Amino acid sequence: MKTQLLPATPATGRPGQPGLPSIPRAPRGRTDHGRFARQHRQRLLRADLLTVIAWTSVAASVALWLADGGTSAVTSPAALFTAAGIVAGLAGMDLVLLMLLLVARIPFIDRTVGHDRALEFHRKLGKPSLYLLLAHGMFIAVGYGMADGLDPISESIALWTLVPDMWLAFVSMALFVAVVVTSLVAVRRRFPYEFWYVVHLLTYAAVGTSLPHQFSAGGLFAEGTWQRWYWLAVCIATGAALLYCRIAQPLVATFRHRLTVSRVTGVAPGVVNIEMTGRHLGRLAGAGGRFFVWRFLAPGLWWHPHPFSLSAEPAAYGPEGQGTLRITVRNLGRGSARLVRLRPGTKVALEGPYGLFSTAARGRDKVVLVGAGIGITPLRALLETTPFAPGQATVLLRGHTEQELYLRDEILELCRQRGAKLFHLTGPRAQWNSTTWLPDEAVRSGYSLPSYVPEIADADVYICGPARWAGNVIADARAAGVRPDQIHHERFDW
Amino acid sequence: MKARGALSAAVASAGILLAGWQAGTQVAGVSTTNNGSTTAAGTSGAGTSGGGASASGSAGSSGSSDSSGSSGSAGSSGTSGSSGGASTAGTFKGSVVQTRFGAVQVQITVSAGKISEVTALQLTDDDRKSIQISNRAAPLLRTEVLSAQSAAVKTVSGATVTSNAYLSSLQAAIDAANL
Amino acid sequence: MPRTSENPAPPTESAPLRAATFHCMGTVVSLTMPAVPGPGGHPAEDELAAAAAVVECVFLELDRTFSLYREDSEASSLARGELSLRDASPGMRERYSDALEWRLRTHGAFTPERPDGVLDLSGLIKAYAIQESGTSLLALGRTDWCLNAGGDVLVSGSPVPGGTGPWDAGIMDPLDRGAVQAGYPLGGRLRHSALATSGSAERGDHIWRQRGEAPAFVQVSVAAADITTADVLATAIVAGGIPMLDRATDGWDIAVLAVRPDGALLGTPDFRR
């Protein structure tokens, strides 16, 4: 193991690292006490607001039915089944809309819970919404069947053939089942990502085919009812959010910034810096550490979206915001292998920035950055810009060898400039202990997170690295008294 | 903090559900008001027919099934002047109730201490002349409705009976007996 | 073909009743007549079979033209937009104008159009078929019969040939299909010879209601002099709730029995014991 410790006192007036577009003057010595605490309170408030909106939207969907006098119609077992079916359908559709909103990459949601947690909620809602929709279909078939004196199968056939738009609803149900089944992680591992992705696009077809019967067959949404307007508004708002945030905004950003690859340089074996030049990059200030979805418009590459974080704060120096962006990419799979051979001049489309791995997540004055492998690179960008007083920041970098601490020279330079403590934690992992994130030697010596950062309980902890390793860091931090809302974790293997 | 979010979400959701439920009962409430008006429009026993109980109280109080109590309340303008519960015969008019169909007054006829007839008088706005409402539908108890002996029924009317439902219907049994 | 049985049922009154049934318009139509030799002296079986054949003929003909579930019907062509109402058959245009007039008279509670705008006269056609069948039977000299098409009833004369007694019709209990909830006499010397029942429970909320309110009634039965009036008003009251009920009882000579969602009954005086 090698541990390198930099003194907390900042060196002054060092020039930027050669080969870097620029290292902007660090906003050193910003001691606006309470700024982060305030920001944190506001973010928690927004999170609570989102929780309230999500739950009340479910409640509202049921209230639609209640306000229609739904309970008074429940007078027989058949009506009970039908009512249960209607309620399940309303709640299920509401959850589906929530799921869509969670993946719409809406800035408000992104700034509040972050992209990966939004996806996590999205995944959590998958099964409940499917069960509700299945229950919707079955209860309705049973309820109507009982009222008609038919078994549920015959009733379903009757609904299919007799009620307009109902066959679409059956198609929709089949699509929903296909989407959720293929999305389950186990299944996802067996199919290539692209297949899973295309199946996921079927969600839109599933939602689209489910809409007609809601408005034509559902008595609740009959023409002229306020319920119809509410439901229309909710559906249209969701569709608009998707269209705007996932299609319009990326197109606008792509045309605004007009990015082209300017340079691809090797950092370490299999790891390259990709630099891009573009315009109006001043608008992306503060995006360092956050990720974009990149599409390199080269033959065979353009269709493949790559999520990568910026490894440096965007640098803008021209009169029209001309400047450079930089990402650091490791050759991880088929897609990223080709990136190593990217030719300068390649046009780049971008969506973003996304994620909460930025100053916006700060809640404390002290900050700790913990990274491993390629996960070090977004920390590099964050270290560049996030405000802290000298001595208030600690950087912990983990790798098997010194060569795996990518961008280590730049980070060292930044730490010197800004007065951050830096530890290099290298060496083989402790094979005998699967719960540690530290090198074997450090574990044997009894080290843990507070050994490096005694004041960690009062700091924001940014963690970026492989999932298992990051999980161990989080557990260590929690054991040291760090509260969940102080931990900012970006999954790097998705 | 998570608890705060969960709590406010729970409170807000409960509030919305309650509001929806309240609105739902008001939808039903509009129809019970109707029920009340039709109650006033011509019969006794309104208070016993379930759903309309609360709203029909005002309009239908005089038509309540308890004969002594009703004659007491309706006796304010009683023609025979007996306001006590011991009244044995006479015609009584209830108080005028405003409904969306206009002012309605219930008239009951009591003989031998029992209500023998209930009629509704509608007071039109222009001349306040009483006109009897003849054919308005009014609440009926199941025991009051014109009944039919199943054996004597020659045919059965029901909401659209499909071919499938027919097989298990009474009409099928009647047809089978006559085939 | 109408189905008739070989063995007469045991006589319940002076002459036993005989019934014939056939499937049409997605339901079962039954014709019941007293078993007496016909005007031409034919045996009672032939008499019933002939009458039922006439009725079936009327039903099939109308079904061919107006059913939306037959691809080749005129109504389907209209629904698909291949045919405009202007080019439709006189029968179709006549039924459509009937329907429009009923819509006007019921303040829109009864409408010939589905919510998607497709012309759907099926609500009216069954009643029309019953009415036409009745007219045909009378024209053929049959005066005592009871015709029931999927719960809509039209009678003529009396179950006893030459008698004046009415046909006793029962009304199905919407909460218990096997039970009769109320009775109503039809025909004989009474003013009502038709009885129709509409429900909102049949397909849950799939029956369209005005303004999407909760249904005021789960079942409405209307007795009237003719079957179309009975059928249309029953449908309209289910759709239009209490205001429509009061308009109907004020504006037509009908008897109404309506069942509220909680099982409570509303009835006109004719339905009172």
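How far apart are the end C-alpha atoms of helix H2 (residues 77-102) of chain A? They lie 37 Å apart, which agrees with the 38 Å that its 26 residues should span at 1.5 Å a residue; the expected span is 1.5 Å times one less than the number of residues. Helices (H or I, at least four residues) and strands (E, at least two) are DSSP runs numbered from the N terminus.

This is a predicted model, in which local features need pLDDT of at least 70, side-chain atom pairs count only at pLDDT 80 or more, and totals for chains, interfaces and linings use all residues. Residues are numbered from 1 along each chain as its sequence is written, and chains are lettered from A and ligands numbered from 1 in the order in which they are written.

**Chain A**

H2(A) is mostly covered, with 21 of its 26 residues buried. A residue is buried if 20 or more other C-beta atoms lie within 10 Å of its own, exposed if 12 or fewer, and partly exposed in between, with C-beta atoms placed from the backbone. Strand E6 (residues 323-330) of chain A is largely enclosed by the rest of the structure, because eight of its eight residues are buried. In a regular strand the side chains alternate between the two faces of the sheet. Both faces of E6(A) are covered: A:Gly323, A:Leu325, A:Ile327 and A:Val329 are buried on one side, and A:Thr324, A:Arg326, A:Thr328 and A:Arg330 on the other.

Two strands pair if DSSP finds at least two bridges between them.

| Strands | Sense | Bridges | One facing pair |
|---|---|---|---|
| E2(A) (residues 271-278) and E6(A) | antiparallel | eight | A:Met276 and A:Leu325 |
| E5(A) (residues 315-316) and E6(A) | antiparallel | two | A:Ala316 and A:Gly323 |
| E6(B) and E10(C) (residues 265-267) | antiparallel | three | B:Pro139 and C:Leu266 |

The hairpin of E5(A) and E6(A) has six residues between the strands, and A:Gly321 takes a positive phi near 75° there.

An open sheet of nine strands, with antiparallel pairing, has the order E6(B)-E10(C)-E9(C)-E8(C)-E7(C)-E4(C)-E3(C)-E2(C)-E1(C). Its edge strands are E6(B) and strand E1 (17-24) of chain C, each pairing on one side only. Neighbouring strands of this sheet are turned by 15° against each other on average, direction ignored. Helix H4 (residues 122-139) of chain C packs on the sheet, touching E3, E4 and E7 of chain C, and its direction makes about 15° with that of E4(C). Helix H5 (residues 227-251) of chain C also packs on the sheet and makes about 55° with E7(C). Axes are lines fitted to C-alpha atoms, for helices over the stretch in contact, and angles run from 0 to 180 degrees between N-to-C directions.

In the interface, 43 residues of chain B are in contact with 64 residues of chain C, contact meaning that C-beta atoms placed from the backbone lie within 7 Å.

**Chain B and its confidence**

Chain B has five helices and seven strands, and buried residues make up 40% of its 179 residues. Its average pLDDT, the predictor's confidence in each residue from 0 to 100, is 57, and 35% of the residues score at least 70. Values stay under 50 over residues 29-87 of chain B and over residues 123-133 of chain B. Where pLDDT is low, the predicted coordinates should not be read in detail.

How values were computed: Contact = placed C-beta atoms within 7 Å.
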